[in-house]
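Please keep the sequence and the model in view while reading.

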Amino acid sequence: MSQSHDRDSAVEAEIRAEARAEASTPASRGAADEATEADQRTDDIVAGTVAGGTEAELPAEEGTAAGGTTERSLWHDRNFLTMWSGQALSQFGAQITELAIPVLAVLVLQATEFQVGLLGAAGVAAFLLIGLPAGAWIDRMRKRHVMIWADAVRAVALLAVPLLWWAGVLEMWHLYVVVLVMGIATTFFDVSYQSIIPSLVRPKQIAEANGKLQATYELANISGPAIGGWLIGILTAPIAILATVFTYVASLVALVFTRDSEVVTPKHERNPIMQEIGEGLRWVFDNPLLRRIVGCTGLSNFASTLSYTLLPIFLLRELGFTPAAMGLIFALGSVGGFVGAIATPHIVQRIGEARAIPVSAVAFSMVALFLPLAATVPEFALPLLIAQGFVMSFTVLLYNITQVTFRQRITPPRLLGRMNASIRFVVWGVMPIAALLAGLLGTWIGVVPTMWVGAGLALLSALFVVIGPFWRMRELPGATA
């Protein structure tokens with residue numbers, strides 16, 4: 001396979017992974033790995049391409065030539081469209097809740113800095129608690145069934161928030177429990193979501209399917225926060241959350257009516273989970289280039305979570321923005337990710353794959369300074385924050401697409417899932433720790449000083465890839481190396 005074909009396939013896989021990377025609260029919006037970590041069965045896609053392996057045949061769709069020489073677009077595949085419509089709604093709904101939960105905590109429940117930190121930690125705790133074994137567990141289940149149960153759990157957990165608010169008994173500890181349960185359910189849902197596409201469409205349609213799913217996600221990511229802020233202003237945050245409950249129910253119903261061709265691996269072909277996990281960890285940390293990438297991503301995620309956990313307090317209290325303005329900042333910032341996905345192949349072609357990693361790392365680490373800087377010039381806070389979000393999203397996409405392409409290219413197909421799970425455990429597992437620390441520092445030294453600490457750590461994170469072999473190389477090694 002040519003390197004360019006490898007890169008194109010990995011770009012699609014990586015962009016799909018961006019939907020999964022969103023956490024339950026806006027703390028994840030600033031994570032330098034926000035768009036990262038391609039998931040388990042990205043492996044299967046790459047394995048079928050790189051290794052030339054055969055893939056299970058799906059039942060012939062109407063309009064598909066018997067000889068397989070011509071295939072109609074997925075616009076004519078009612079099974080795929082059923083699943084896609086449910087996912088479009090749930091992704092849009094998730095953006096509303098991602099804004100509504102912190103607004104509810106800060107403006108309605110008058111949460112302190114430590115309580116907001118604890119809320120952020122609860123939302124991403126699943127990465128640390130079940131990040132390593134989740135992929136292995138899900139590989140032993142029917143993915144569509146896991147997604148159905150995850151949607152049901154998320155809908156029930158989230159429904160408790162407006163009901164408790166309506167009864168007049170809603171407290172912060174209720175939100176902790178809700179976001180923790182939703183984070184665990186979302187982890188199972190997203191890993192399964194990344195894995196189910198090969199069992200829904202034919203191999204040649206995987207790229208088209210992922211393109212459609214990602215286009216929907218990008219639209220939700222751009223429009224969801226803005227509309228969510230408007231809904232919160234009109235309906236209040238607890239009532240706006242009901243919209244997300246509806247979208248999760250719609251996703252569940254769509255999945256019930258979706259059919260797949262997945263065959264679960266027989267028990268006698270499975271290895272002990274700990275043995276599989278250990279093999280994946282050794283593969284990652286025995287590679288010096290991967291070690292540097294993991295170090296950069298992990299410290300950057302820690303730093304950005306430290307800053308972004310307190311972002312709702314910073315925007316709503318320190319700067320006095322409305323929920324609608326907060327949603328607008330998130331929405332316009334997300335446009336950078338869309339532009340970055342389009343521009344990445346051209347940038348990589350111009351400066352080289354290896355150099356794109358330190359260039360992007362320097363950019364997203366330096367732009368982290370814009371967050372606390374906005375507090376020093378409040379009259380320019382809005383344009384500064386929009387610019388920060390745009391540049392951050394753009395450069396994160398450049399960084400992640402490039403490094404995930406490299407990871408997938410050099411990793412044997414049988415290790416792809418465990419490689420991704422191992423990296424995800426490290427670079428996402430630091431986020432709940434950082435969220436708790438943000439709450440403590442925010443209480444001790446204040447919100448803006450905590451953001452300056454996060455910005456300083458973000459600058460240090462780039463050193464992992466700035467100092468090293470990346471500058472001396474144009475292209476990263478291939479699978480044979």
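Are α11 and α17 roughly parallel, roughly perpendicular, roughly antiparallel or oblique to each other? This is a predicted model, in which local features need pLDDT of at least 70 and side-chain atom pairs count only at pLDDT 80 or more, while totals for chains, interfaces and linings use all residues. Residues are numbered from 1 along each chain as its sequence is written, and side-chain values use heavy atoms, with hydrogens and water left out.

The protein chain has 18 helices and zero strands, where helices (H or I, at least four residues) and strands (E, at least two) are DSSP runs numbered from the N terminus.

| Helix pair | Angle | Axis distance |
|---|---|---|
| α11 (residues 311–318) and α17 (residues 447–461) | about 140 degrees | 10 Å |
| α10 (residues 288–308) and α17 | about 165 degrees | 8 Å |

α11 and α17 are therefore oblique to each other, whereas α10 is roughly antiparallel to α17; angles under 35 degrees count as roughly parallel, over 145 as roughly antiparallel, 65 to 115 as roughly perpendicular and the rest as oblique.

Contact means heavy atoms within 4.5 Å. Between α11 and α17 the contact is made by L311, I313, F314 and E318 of α11 together with V447, V448 and M451 of α17, and by class it has six nonpolar, no polar and one charged residues. In the pairing of α10 with α17, the contacting residues include C296, L299 and F302 of α10 and T450, M451 and V453 of α17; the residues of this contact divide into eleven nonpolar, five polar and no charged. Here Ala, Val, Leu, Ile, Met, Phe, Trp, Tyr, Cys and Pro count as nonpolar, Asp, Glu, Lys and Arg as charged, and the others, Gly among them, as polar.

A search of the whole structure finds four aromatic pairs, meaning rings of Phe, Tyr and Trp (its six-membered ring) with centres within 6.5 Å; planes under 30 degrees apart count as stacked, over 60 as edge-to-face and the rest as tilted. The rings of F364 and Y399 have centres 5.3 Å apart and planes at 85 degrees, so this pair is edge-to-face. The pair links distant parts of the chain, with F364 in helix α13 (residues 353–366) and Y399 in helix α15 (residues 381–410), 35 residues apart. Both F364 and Y399 are buried, that is, under 20% relative accessible area with a 1.4 Å probe.

How values were computed. Axes fitted to C-alpha atoms, helices over the stretch in contact; angles between N-to-C directions. Buried < 20%, exposed > 50% of the residue type's maximum accessible area, 1.4 Å probe, protein only.
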